[in-house]
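This report describes selected features of a protein model. The sequence and structure are shown first, and the discussion follows.

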Amino acid sequence: MSPIEPQVRGSGPLLIRHEGHTPRERSACGWRDRLISHEDAPLSPAAWAHAVDIDGAKLHYHKRSTELYYVLDGGGSVILDGAELPVAKGSLVHIPPGVVHGARGRMRVLVIGIPDIADDDYFEAPQA
């Protein structure tokens, strides 16, 4: 499939991107495919989206971004402010700004960052 080039019509951007159209990269949570991300910032999208293969996500938080995790495949647990909760395919997790979070297990997760998932809004949690 060929990518649909970003276009602006009416009130916002139209964008279709398929996995593999951006380089796969290592992140603090595992390996990710950027679906809507920093390369799309000039279009001012409402949110950023990454498909992430979680593998030992470090505890961290964001000061401005809300994250939604939707488990596409696999399972394990998420840690939210110290509470460890099970997740599996079909689980949705809402993570407000300031909540220290991470994940254990092996899972593919669609991560939606509102307004973004920016490197300058990533803060490792202090070690206990």
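With which residue does R34 form a salt bridge, and how far apart are the closest N and O atoms? The partner of R34 is E25, and the closest N and O atoms lie 2.6 Å apart. Both R34 and E25 are buried. The model discussed here is predicted.

This pair belongs to a wider arrangement. Salt bridges with shared partners link R17, E25, R32, R34, E39, D40 and D119 into one network.

## Further salt bridges

Across the whole structure, a search finds 15 salt bridges. One of them joins the side chains of R17 and E39, with an N to O distance of 3.7 Å. R17 is located in the loop between strand 2 (12-16) and strand 3 (24-27), and E39 in the loop between strand 4 (30-36) and strand 5; the pair therefore ties together parts that are 22 residues apart in sequence. R17 is partly exposed, its relative accessible area being 21%. E39 is also classed as partly exposed, at 30% relative accessibility.

The side chains of D33 and R24 form another salt bridge, with 2.9 Å from N to O. The two partners fall into separate accessibility classes: D33 has a relative accessible area of 5% and is buried, whereas R24 has a relative accessible area of 40% and is partly exposed. The limit that applies to D33 is a relative accessible area under 20%, so its value of 5% places D33 among the buried residues.

## The largest pocket

The largest pocket has a volume of about 250 Å³. Its lining is made up of 16 residues, of which S27, A28, C29, R32 and I117 are the closest to the centre of the pocket. R32 is also a member of the salt-bridge network described above.

Strand 5 (48-61) and strand 6 (66-80) each contribute at least two residues to the lining of the largest pocket. Strand 5 provides the largest share, namely four residues. When the lining is sorted by class, nine residues are nonpolar, four are polar and three are charged.

## Backbone features

Most residues other than glycine have a negative phi, and most peptide bonds are trans. Several positions in this model depart from that pattern.

Which peptide bond is cis? The bond from I114 to P115 is cis, with omega near 5 degrees. P115 is placed in the loop between strand 9 (101-114) and strand 10 (123-124).

S44, a residue other than glycine, has phi near 55 degrees. S44 is situated in the loop between strand 4 and strand 5, and its relative accessible area of 57% makes S44 exposed. D81, likewise not a glycine, has a positive phi of about 50 degrees. D81 lies in the loop between strand 6 and strand 7 (83-88). With 52% relative accessibility, D81 counts as exposed.

Note on methods:
Residues numbered from 1 in each chain as written. Predicted model: local features only at pLDDT ≥ 70, side-chain atom pairs only at ≥ 80, totals over all residues. Heavy atoms only, no water. 1 Å grid on protein atoms, 1.4 Å probe; cavity = no way out; pocket = protein on both sides within 12 Å on 5 of 7 lines; lining within 4 Å. Points joined across faces, edges and corners; volume = space filled by probe spheres on them. Nonpolar A, V, L, I, M, F, W, Y, C, P; charged D, E, K, R; others polar. Salt bridge = Lys/Arg side-chain N within 4 Å of Asp/Glu carboxyl O. Buried < 20%, exposed > 50% of the residue type's maximum accessible area, 1.4 Å probe, protein only.
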